[in-house]
Every structure is written in C-alpha cells, then in structure tokens.
Amino acid sequence: MDNRPIGFLDSGVGGLTVVKELRRQLPHETIVYIGDSARAPYGPRPAEQIKAFTWDMVNFLLTKNVKMIVFACNTATAVAWEEVKAKLTIPVLGVILPGSSAAIKNTQAGRIGVIATPMTVKSDIYQQKIKLLAPQMQVTSLACPKFVPIVESNEVKSSVAKKIVYETLAPLIGRIDTLILGCTHYPLLRPLIQNVMGPDVRLIDSGAECIRDVSVLLNYFQINASRLVKDRQNLFYTTASVERFRHIALEWLEEDINVERVTL
C-alpha cells in the first residue's frame with residue numbers, strides 16, 4: 001500500500017474532468033492538482049514554451065511527494081509527456097493513448113474525429129496513435145482554439161458558447177461516427193457538442209479513459225492507497241483566480257473544495 005497522493009496537472013480547470021472520473025473509480029486515492037490558468041490556453045503556444053510550463057507543474061507536484069503524475073492535459077501530453085516520462089522514476093500517464101484506444105473500440109464505421117487545441121492538432125499525435133493501433137481508421141482532426149477560453153471564463157452555458165461550438169464543429173457534421181474530446185476542458189462543453197454532432201455520434205472523453213490506465217498501473221506497481229485511511233486531504237492549486245476555480249469545481253465535482261493560489 002502507498003498512501004502518497006496522485007498528482008494531476010493541466011493548463012487550467014479542464015483536468016477536473018479527469019479528477020471527477022478518478023473519484024468515481026478510485027475514491028480512496030488522494031489528489032494533488034495544479035491548474036495553470038494564468039498561462040492558459042496552452043494550445044496556441046510554441047512547443048518549447050509548453051514544455052517549460054509543463055516542467056514547472058511537474059516540479060511543483062514533485063514537492064508534494066506524489067507517487068504518480070497524470071497529464072490531465074492533451075496539449076502537455078502531446079508536447080512534453082515522452083520527455084517527462086523518460087526522466088522521472090515514478091509512473092507518468094498521458095490522456096492521448098487511452099482516448100485513441102477507446103475511439104477505435106467504439107467506432108462502427110471507422111470514421112473518427114478529433115477535436116483539440118491547435119498544438120495538439122499540429123502534433124498529429126492522435127492520428128499517429130490511432131493509425132498505429134488500427135491503420136484502416138479514417139481520422140479527421142479539427143482545432144478548436146475558442147473552446148478553452150470559454151471554459152476558463154466559466155461561460156459554458158452562455159449563448160456565445162452555443163454559437164461558437166456550432167460554428168466550430170460545422171465541418172465535422174455528418175462526416176464521423178465517433179468524436180474524441182481531445183482536450184480535458186471539452187467535456188465541460190459536452191452537452192453543446194453532443195447537440196451539434198447529433199445523438200448518433202459517440203463522444204470519447206480521453207481524460208476519463210485515462211483513469212482506467214491509472215487503476216492498472218496502481219495495481220501493477222502495488223502502490224494502491226489503503227482503503228482504511230480516513231480524512232484524506234485533496235489539495236487543489238491554481239495560478240489564477242481561486243474563486244473562479246472553486247466555482248467551476250463546485251459545478252463539476254458537486255463539492256466545495258479548498259483551493260490555493262500559487263506562482264510557478
């Protein structure tokens with residue numbers, strides 16, 4: 001047994017969608033979360049800057065004595081995950097491969113769409129992973145640069161959000177049967193995305209799929225937390241507004257959490 005926390009990093013609040021799934025599947029594990037909302041969105045930034053920012057968050061989590069780090073951010077996974085994983089001695093997981101595998105399992109027609117940040121789309125990482133696992137798949141990627149700012153500003157229920165989602169996703173309508181939400185912010189827009197794409201298109205939450213891999217690795221390395229420990233203290237940190245983070249967390253996690261502002 002290992003009662004050290006699991007570290008989560010994201011460019012902002014989107015990684016809370018991954019945390020929500022961890023709490024559902026592995027409620028006995030403890031969480032330390034860092035969201036870099038002050039420098040979000042990461043998607044339009046150059047790769048070297050994304051790597052530097054990601055290392056800032058990794059090094060912060062290491063000061064919290066985490067036993068595993070989850071890249072709850074597709075952009076950071078696409079750009080920095082391989083480098084970080086190679087240099088750390090603890091398990092480091094990303095969200096892209098789990099999302100790719102789930103899409104392959106769920107598609108009926110072999111027509112998979114990927115929506116993500118500009119950098120994730122530019123990296124072509126989803127297409128590479130999907131084609132590696134199933135070369136016959138048709139993959140269509142679409143950058144959605146306006147989605148993360150909508151979520152970070154907590155405007156997901158606004159009329160502006162509806163308009164942006166519809167206009168952005170229009171090129172994919174009727175072309176795919178499965179859609180990967182290739183940014184952990186996007187599940188917060190899921191009702192709007194599903195409405196635009198139609199009920200027959202299966203949405204894949206790459207972050208949620210990642211937690212299944214977390215469970216496997218906890219078992220493999222025998223670092224599961226004891227189910228007997230009570231009063232676990234989950235820690236949440238943001239580089240921007242504490243109140244905005246708490247408000248989004250309250251809606252998404254359905255729980256009021258303690259959040260601390262930090263500077264990386």
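## A walk around the model

Start by selecting Ser226: leaving out residues up to four places away in sequence, Ser226 touches Met1, Asn3, His28 and Arg232 (contact means heavy atoms within 4.5 Å). You're looking at a predicted model, where local features need pLDDT of at least 70, side-chain atom pairs count only at pLDDT 80 or more, and totals for chains, interfaces and linings use all residues. Residues are numbered from 1 along each chain as its sequence is written, and side-chain values use heavy atoms, with hydrogens and water left out.

Stay on Ser226 for a moment. Ser226 sits in the loop between helix 10 and strand 9 (235-238); helices (H or I, at least four residues) and strands (E, at least two) are DSSP runs, numbered from the N terminus. Is Ser226 buried or exposed? Its relative accessibility is 14%, so Ser226 counts as buried (buried is under 20% relative accessible area, exposed over 50%, partly exposed in between, with a 1.4 Å probe and protein chains only).

Zoom in on strand 5 (residues 111-116), which is joined to strand 6 by six bridges.

Then show helix 4 (residues 96-106) with helix 6 (residues 125-133): their axes come within 9 Å and cross at roughly 55°. To see where they meet, select Ile96, Leu97, Ser100, Ser101 and Ile104 of helix 4, plus Ile125, Tyr126, Lys129, Ile130 and Leu133 of helix 6.

Last stop: Arg261, in strand 10 (residues 259-261). Arg261 is exposed, with a relative accessible area of 51%. Which residues does Arg261 contact, leaving aside its neighbours within four places in sequence? Thr238, Thr239, Ala240 and Val242. Finally, pick Gly35: Arg261 and Gly35 are 226 residues apart in sequence and 9.7 Å apart in space, C-alpha to C-alpha.

Notes
Two strands pair if DSSP finds at least two bridges between them. Axes are lines fitted to C-alpha atoms, for helices over the stretch in contact, and angles run from 0 to 180 degrees between N-to-C directions.
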